[in-house]
Amino acid sequence: MIRVVLPAHLRTLANVNGEVKVDVTGQPTQRLVLDALEANYPRLCGTIRDHVTKERRPFIRFFACECDLSHEPPDTPLPAAVASGAEPLLVVGAMAGG
Amino acid sequence: MSKVRLLVGTRKGAFVLTSDGKRLQWEIDGPHFAGWEIYHVKGSPADPDRLYASQTSGWFGQLIQRSNDGGKTWEPVGNQFAYDGVPGTHQWYDGTPHPWEFKRVWHLEPSLNDPDTIFSGVEDAALFRSSDGGQSWHELPGLRGHGSGPHWQPGAGGMCLHTILLDPRDPKRIFVAISAAGAFRTDDSGKTWRPINRGLKSEQIPDPNAEVGHCVHRIAMHSSRPNVLFMQKHWDVMRSDDAGESWREVSGNLPTDFGFPIEVHAHEPETIYVVPIKSDSEHFPLEGKLRVYRSRTGGNEWEALTKGLPQSDCYVNVLRDASSVDSLDTCGIYFGTTGGQVYASANAGDNWAPIVRDLPPVLSVEAQTLA
């Protein structure tokens with residue numbers, strides 16, 4: 001069971017409160033977690049990554065275990081603590097403003 | 001008794017404003033989709049409770065929301081806008097070829113007779129159609145592919161298809177306008193298109209009379225006379241009496257002919273409205289006075305409408321989709337500003353009053369007249 005924390009706007013869109021949990025078969029990766037997330041919550045399709053290319057949207061970041069995983073290849077295994085459910089994968093809207 | 005419902009899109013959400021036919025007291029409902037940019041909300045002429053909204057965000061991309069109950073509840077529908085085939089390139093700001101990239105939906109235009117059919121105008125400029133209530137979207141590629149597409153260039157606001165006019169007498173005829181490419185028309189339901197920009201003159205492009213490249217800001221039509229079109233261009237207010245085959249300037253005595261919206265009175269096809277602003281680099285009213293200008297002669301002769309509008313220290317703008325008219329016996333006209341005000345006139349512009357003063361910057365206003 002992978003724990004995922006979504007930004008507030010996407011929690012509203014997906015109609016969820018707090019963390020969401022998804023099941024992934026095999027070694028969890030960004031791609032597999034996002035595949036499972038979009039399968040469970042189809043409203044999120046296109047909001048985190050491109051519909052077709054599956055590339056991360058430019059102002060979305062993936063954090064876990066106090067590390068920025070945004071630039072990791074999508075098939076890289078997630079940290080063991082995320083895979084075990086000890087730590088969540090954070091989907092974050094990048095800071096912007098001024 | 002008749003009612004009026006205003007669908008207001010803002011930088012931070014959508015608002016639904018309702019009133020009875022007197023249009024004096026308004027209920028304000030919202031924000032819907034708080035925090036998201038709502039470029040446009042529009043209802044189906046065939047089913048006024050069927051609404052569509054373009055919801056977008058720099059972080060999370062594009063969503064389309066649909067309501068079946070007049071905006072009380074909403075559900076997201078399809079948000080995949082894939083260009084047909086290999087997208088190709090248009091001209092970038094520096095003159096180099098730039099791949100077509102979907103950014104957002106600027107304008108939604110429901111079919112005149114089918115609530116499940118809707119057109120969307122997007123940035124980078126293209127026209128999409130859905131025939132299943134917004135669940136799936138398919139490009140009408142003949143527009144980008146008609147030949148001049150590689151030469152289109154974005155305006156400062158992006159290369160957006162912002163105007164879609166459906167001809168009520170000829171279901172195969174559609175007009176669209178693109179910044180900064182110009183106006184285009186199809187007579188075969190979108191299979192083929194051609195530019196309709198003859199008579200436009202734009203000093204801001206190398207050939208002022210070019211076939212494409214004009215920054216058209218908005219086109220308006222009266223449903224009883226679909227061959228007559230009115231255009232607010234980057235500069236110049238224009239008129240066509242032959243479905244866009246040719247245009248002539250009708251700026252007349254306007255104090256400035258730069259602006260964004262243009263509207264036609266619901267019952268008087270020769271009565272039109274614009275909101276002039278100072279210039280292309282100063283997007284605010286002349287002298288700090290917010291004035292709507294009305295022509296009862298289809299252009300050239302204009303009168304300032306000021307009663308109830310701020311006549312000092314006003315430096316807001318009115319964007320291209322941020323005005324609308326209702327169709328009650330005494331035509332109501334409405335507009336929203338970048339300062340967050342929505343103004344209403346229940347007597348065709350003679351007197352104005354704000355419905356609400358402190359919304360986020362208003363991107364779009366659509367009026368629905370309800371039985």
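Q: What share of the 98 residues in chain A is buried?
A: Buried residues come to 28% of them. Keep in mind that this is a predicted model.

Q: OK, and how many helices and strands does chain A have?
A: There are 3 helices and 5 strands in chain A.

Q: Which pattern do they follow along the sequence?
A: Reading along chain A, you get β-α-β-α-β-β-α-β.

Q: How does the radius of gyration of chain A sit with that of a compact globule?
A: The two agree: for 98 residues a compact globule would come out near 13 Å, and chain A has 12 Å. Along its principal axes, the C-alpha trace of chain A spans about 35 × 25 × 25 Å.

Q: What about contacts, how many of them link residues 24 or more positions apart?
A: In chain A that's 55%, counting contacts with a separation of 6 or more.

Q: Switching topic: how many residues of chain B are in contact with chain A?
A: On the chain B side there are 11, and they are in contact with 13 residues of chain A. By class, the chain B side has 5 nonpolar and 6 polar residues, with no charged ones.

Q: Let's stay with chain B. Where is B:I205 found?
A: B:I205 is in a loop of chain B, between β17 (194–195) and β18 (216–221).

Q: Why does B:I205 count as partly exposed?
A: Because B:I205 has 17 C-beta neighbours inside 10 Å. A residue needs 20 or more to be buried, and 12 or fewer to be exposed.

Q: And which residues is B:I205 in contact with, leaving aside neighbours within four places in sequence?
A: Those are B:A210 and B:G213.

Q: How many bridges join β28 of chain B to β29(B)?
A: There are 3 bridges between them; β28 covers residues 342–345, and the two strands run antiparallel.

Q: Which residue in β29(B) is the bridge partner of B:V342?
A: That would be B:V356.

Terms used
Residues are numbered from 1 along each chain as its sequence is written. Chains are lettered from A and ligands numbered from 1 in the order in which they are written. This is a predicted model: local features need pLDDT of at least 70, side-chain atom pairs count only at pLDDT 80 or more; totals for chains, interfaces and linings use all residues. Helices (H or I, at least four residues) and strands (E, at least two) are DSSP runs, numbered from the N terminus. The radius of gyration is taken over C-alpha atoms; the globule rule is 2.2 Å times the number of residues to the power 0.38. Two residues are in contact if their C-beta atoms, placed from the backbone, lie within 7 Å. Ala, Val, Leu, Ile, Met, Phe, Trp, Tyr, Cys and Pro count as nonpolar, Asp, Glu, Lys and Arg as charged, and the others, Gly among them, as polar. Two strands pair if DSSP finds at least two bridges between them.
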